[in-house]
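Here is a short briefing on one protein chain. Look over the sequence and the model, then read the points below.

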Amino acid sequence: MSLTSATLARYGRWLANHGAAVRAMQWFVVAIYAMLVVVPAFLPLPDDGARALDNLTVFAQWAFWGLWWPFVILSMFAAGRTWCGVFCPEGTLTEAASRFGLHRSPPRWLRWAGWPFVAFAVTTVYGQLVSVYQYPKAVLLVLGGSTIAAIATGFVYGREKRVWCRYLCPVNGVFNVLARMAPVHFRVDRERWAANAGHIAIHPVNCAPMVRIRRMTGNAECHACGRCAGHLDAVTVASRSPNAEVLDERTEVSVWDAMLIVVGAIGIAIGAFQWSASPWFVRAKLEATELIVDHGPAWLLSDTAPWWLMTHYPEANDVFTWLDGALIVGWIVATALIVGGWVSVWLAAAARSIGGAWRANAYALAYTLIPLAGVGLFVGLSGLPAALAHGEGLRLSWLAPARAVLLAAAAAWSMYLAYRWVDGRSRRGEEERLSPSRRIAALLAMTIANAGVLAAWYPYVFR
Ligand code: SF4
């Protein structure tokens, strides 16, 4: 056993044997999270000169949007869903609530596979409408509301389980797909499991996200909590190629995951990150305003919406009109349809070139875009910390080139995955081997899909 394997295996065993220490740390995170979500909402808005070290609201902005979100996204690429299983305050709270609650079984509507996409889309758009990155009351509403929903779900459903995390959490779907790229996983040796079952003492494992551990083949649903490490001497933390799960033909693919990657994490995210800095958005707003001034209805230009529906902070000279709200929603939806549509068309073209069950192939090829989708989220989330750093007097001239390099590297990784995926299909030697021209056509279509995503990011990167 190599040093790395031994260290990883020890790490897993440590998690399994130190549940009390992990729980203590989880409740410490809950306390910090509660303070940063709740307290700033009851403080006056910071003035222009406020800094992170002398203002709790600015500190909380840094903590949530400068560190927490971007680096949780990156952590999925490095350590799978360790954030979910070891640190996440909502996971801790929903599991704790399910210990004392009604213990009902999750009903069918709650287990609908489309929730991760719908929850991500709705939360992203709503977060833009209430300016969740800027205002602590909006943070309390969006993050606090999500936490209350997590606790309520835990209270009603499951017994010491994380029903919320498994089915309803707005970022479950994104974490589910990003974690597939992690170079570590909880590996299950099924033969050893079968051989040892009934022969060695079994300590029941409470897998809070309800993974069928014996059949687990990847990171998508596993929260990497470590509780099953060493179970039946058959489960261990192990390293693997970061490409393994996407290229593994046994991995199940789904249309909802494909939607989440292509329309959600790529299309909706680009629209949400871009509208506020887009000159085209400003022009559309000016033209729409002129049209409404001439022809009505005038109420579209009023700013009577409450702060919990749309941004309304007169003291900060920041109020959205109904027109602003309509344009923001329209912009994000249109971007999602255009960018997502572009990628979908070329995924379909690539899948058609390969032949066979083209829909299933198109869904599978969508997973090759995970690096580009995940790095795009990281780059988009770097916008607020960059603005905060600007407010602290820092000049980040390297930011645009760094973002461009990151996105280009992610696109190269996605293309490499596409190449390996197509190559794998070509070598199977089934009914017919793929001719070189069909392979080239498939890869050309994937290149155009990736190029379209990079082009869509261009205005944000070099604004
Ligand atoms: S399979 Fe379940 S118990 Fe095992 S590490 Fe993953 S989440 Fe934890």
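**Aromatic rings, a surface patch and a strand pair**

Ring pairs join Tyr33, Phe64, Trp65, Trp68, Trp69, Trp83, Phe87, Tyr133 and Phe175 into a cluster. Rings of Phe, Tyr and Trp (its six-membered ring) pair if their centres lie within 6.5 Å; planes under 30 degrees apart count as stacked, over 60 as edge-to-face and the rest as tilted. This is a predicted model: local features need pLDDT of at least 70, side-chain atom pairs count only at pLDDT 80 or more, and totals for chains, interfaces and linings use all residues. Residues are numbered from 1 along each chain as its sequence is written, and side-chain values use heavy atoms, with hydrogens and water left out.

**Ring pairs**

- By the ring rule, the count comes to 24 aromatic pairs.
- The ring centres of Trp69 and Phe175 are 6.1 Å apart and the planes meet at 45°, so this pair is tilted.
- Trp69 lies in helix α3 (residues 56-79) and Phe175 in helix α9 (residues 172-178), so the pair ties together parts that are 106 residues apart in sequence. Helices (H or I, at least four residues) and strands (E, at least two) are DSSP runs, numbered from the N terminus.
- Trp69 is buried, at 14% relative accessible area. Phe175 is buried too, at 4%. Buried means under 20% relative accessible area, exposed over 50%, partly exposed in between (1.4 Å probe, protein chains only).
- What kind of pair do Trp112 and Trp256 make? Their centres are 5.2 Å apart and their planes lie at 75°, so the pair is edge-to-face.
- Trp112 sits in the loop between α5 (89-100) and α6 (115-129), and Trp256 in helix α12 (residues 255-274), 144 residues apart.
- Trp112 is partly exposed at 38%, and Trp256 is partly exposed at 25%.

**A charge over a ring**

- Lys137 lies over the face of Trp307, 4.7 Å from the ring centre. The rule asks for NZ of Lys or CZ of Arg within 6 Å of the ring centre and within 35 degrees of the ring normal.

**Strands**

- Strand β1 (residues 184-188) is mostly covered, with four of its five residues buried.
- β1 pairs with strand β2 (residues 235-239) in the antiparallel sense, over five bridges. Two strands pair if DSSP finds at least two bridges between them.
- Val184 stands opposite Ser239 in β2.

**Near the end of a helix**

- Val38 lies in helix α2 (residues 19-38). Val38 is partly exposed, with a relative accessible area of 37%.
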